[in-house]
Amino acid sequence: MPARHITQGLDRTTRPVQAEVDARPRPRTVGPITQTDIVRFAGAGGDFNPLHHDLGFAASAGFQRPIAMGQLTAGLLAGWLTDWCGVENLLRFEVRFTGFGVATVELTAARGKDLLVTGRASVVVETG
């Protein structure tokens, strides 16, 4: 049985990933992503933006075909990462969608002086 490790309050029974500074997991190629993949992911995640499934709508937005949602890409990245380090060793995972002006917003929720939730959001903003 593997040794038990406790990190930041988490009890884990697998060993942390062994890696050198600047080590990188092996590259992974995924795809092609099909329209069926996109529709299935939309159903699972509830993202029914027509940009992801409607050819005419995608064309009116300047795309040759419907496009995969960013969360699908983020999910593929998360799978690649956890295949390397083990999902039980993942303490935090953040993604940032790029290509637009982005503003970062710090969020908090409190009851009186008691801080209940902290968060961070990135939103697309108009630039220029």
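## A pair between R92 and E94

In this predicted model, R92 and E94 bring their side chains together in a salt bridge, with a distance of 2.5 Å from N to O. Both partners lie at the surface in the sense that R92 is exposed and E94 is exposed as well.

## A pair between two strands

A salt bridge also joins E106 to R120, where the closest N and O atoms are 3.0 Å apart. Because E106 belongs to strand β3 (residues 101-111) and R120 to strand β4 (residues 114-125), this pair ties together parts that are 14 residues apart in sequence. E106 and R120 are each exposed.

R28 and D83 form a salt bridge through their side chains, at 2.5 Å from N to O. Since R28 sits in the loop between β2 and α1, while D83 is part of helix α3 (residues 70-85), the contact ties together parts that are 55 residues apart in sequence. R28 has a relative accessibility of 42% and therefore counts as partly exposed, whereas D83, with a relative accessible area of 55%, is exposed.

A search of the whole structure finds three salt bridges. In general, side chains of opposite charge can pair when their charged atoms come close.

## A cis peptide bond

The loop between β2 (10-12) and α1 (35-45) also holds P32, and the peptide bond that leads from G31 to P32 is cis, with omega near 10 degrees. As background, most peptide bonds are trans.

Methods:
Residues are numbered from 1 along each chain as its sequence is written. This is a predicted model: local features need pLDDT of at least 70, side-chain atom pairs count only at pLDDT 80 or more; totals for chains, interfaces and linings use all residues. Side-chain values use heavy atoms; hydrogens and water are left out. Helices (H or I, at least four residues) and strands (E, at least two) are DSSP runs, numbered from the N terminus. A salt bridge is a side-chain nitrogen of Lys or Arg within 4 Å of a carboxyl oxygen of Asp or Glu. Buried means under 20% relative accessible area, exposed over 50%, partly exposed in between (1.4 Å probe, protein chains only).
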